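Thank you all for coming; I would like to walk you slowly through one protein model this morning.

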Amino acid sequence: MTLRFDIVSLFPEMFASPFGDSIIQRAREEGLLDIRVHDLRDYSLNKHRKVDDAPFGGGVGMVINVEPVARVIAAIKKEVPETRTILLSPAGRPFDQKKAWELSRLPSLNLICGRYEGVDERVPRHFVDEEISIGDYVLTGGEIPAMVLVEAISRLVPGVLGDPASTAEESFTDGLLEYPQYTRPRDYQGFKVPEILVSGDHKKIRDWQKAEALKKTARVRPDLLKKNK
Ligand code: SAM
């Protein structure tokens, strides 16, 4: 199965490096991901390719017009009618691993990146399926949030990561943070690897990992335990 991403941005060149390297690039070459970036200006009807205007009612900055966004969404829907259209926005539902799993099972996602003071409110109200935020802070544009979604979702697509077990054991998958991991050397400046991990007793190691995942979550993210009760 191929997961298709259509990304709409005023700065399409920003995506070249993050999507042109490593796991994402390999997945594209293998046909597991199909990532297409669209320049919002190509959908402007203005002869200067303008896509923004001053806000009604006054206020600082510029707002992205509804028209080019509605037009690019319609053009992409024509090609991929089943696509889920998502606006990146600080006002969206916070993105998490559960959402990443849900979106990774869809055939196609259209990610709309805002800029300036954001987009005309008629876009989220009438033209997109949902709004997603990557956290309670404000970035300059939706490009980095779109990259965050592509990265988090892509690695859950079957075949993108070499070993599927790595996503099954990761933080948040079962509502807990991952257990602590160690590698060589066994002793670094007197800081030692827990004895149990080098005992060779797989059952005991597994029990230890489960207990440590719970302890670590309770210590640093008690909110996750409450959320999953
Ligand atoms: N005026 C808007 C507000 O106060 O909510 C902020 C607009 S922000 C400067 C410009 C664009 O960056 C937004 O339209 C959105 O696409 C993107 N953006 C900024 N912060 C984001 C976040 N936390 N999650 C997702 N997208 C974000």
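**Two loop residues to begin with**

Gln189 has its place in the loop between β8 and β9, and β9 covers residues 191-192. Before I say anything else about this residue, please keep in mind that what you are looking at is a predicted model. The backbone angle phi of Gln189 is near 50°, which is a positive value in a residue other than glycine. Is Gln189 buried or exposed? Gln189 has a relative accessible area of 63%, and the word exposed is used for values over 50%, which is why we call this residue exposed.

A second residue with a positive phi is Arg49, where the angle is near 60°, and again this is a residue other than glycine. Arg49 sits in the loop between β2 and β3, the latter being residues 52-53. With a relative accessible area of 35%, Arg49 counts as partly exposed.

While we are talking about loops, let me point to Pro185, which lies in the loop between α7 (165-169) and β8 (187-188). The peptide bond that joins Arg184 and Pro185 is cis, with omega at about 5°.

**The overall layout**

The domain assignment of the protein gives two ranges, with domain 1 running over 3-154 and domain 2 over 169-227. If you take the C-alpha centres of domain 1 and domain 2, they lie 37 Å apart.

Let us go to strand β1, which is made of residues 3-9. How many residues of β1 are buried? The count is 7 of the 7, so this strand is largely enclosed by the rest of the structure. In a regular strand the side chains alternate between the two faces of the sheet.

Which strands pair with β1? One is strand β2, residues 33-39, which runs parallel to β1 and is joined to it by 7 bridges; within this pair, Arg4 stands opposite Asp34 in β2. Another is strand β6, residues 108-113, which pairs with β1 in the parallel sense over 5 bridges, and here the bridge partner of Asp6 is Asn110 in β6.

**A buried threonine**

Thr83 belongs to the loop between α3 (66-79) and β5. Thr83 is buried, with a relative accessible area of 5%, and its side chain is joined to that of Ser108 by a polar contact of 2.8 Å.

**Around the ligand**

How many residues surround the ligand? There are 19, and the closest are Leu88, Gly114, Glu117, Tyr137 and Leu139. Taken alone, the ligand exposes 580 Å², and the protein buries 81% of that. The elements that contribute two or more residues to the shell around the ligand are β5 (84-94) and β7 (130-133), and the largest share, 3 residues, comes from β5.

**Helix α6**

My last stop is helix α6, which holds 12 residues, 143-154. At 1.5 Å a residue the helix should span 16 Å, and its end C-alpha atoms are 16 Å apart, which agrees. The helix is mostly covered, since 9 of its 12 residues are buried; among them are Glu143, Pro145, Met147, Leu149 and Ile153.

An α-helix has 3.6 residues a turn, so residues three or four places apart point the same way. With that in mind, please find Ser154, which is found in helix α6 and is buried, with a relative accessible area of 1%. A polar atom of the Ser154 side chain lies 2.6 Å from the backbone oxygen of Val150, and Val150 is itself one of the buried residues of the helix.

Technical notes:
Residues numbered from 1 in each chain as written. Predicted model: local features only at pLDDT ≥ 70, side-chain atom pairs only at ≥ 80, totals over all residues. Heavy atoms only, no water. Helix = DSSP H or I, 4+ residues; strand = E, 2+ residues; numbered from the N terminus. Expected span 1.5 Å × (residues − 1). Buried < 20%, exposed > 50% of the residue type's maximum accessible area, 1.4 Å probe, protein only. Pairing = 2+ DSSP bridges. Domains from an automatic or database assignment. Near = heavy atom within 4 Å. Areas by Shrake-Rupley, 256 points an atom, 1.4 Å probe, with all protein chains shown as cover. Polar contact = N/O pair within 3.5 Å; in protein donor to acceptor, adjacent residues only side chain to side chain.
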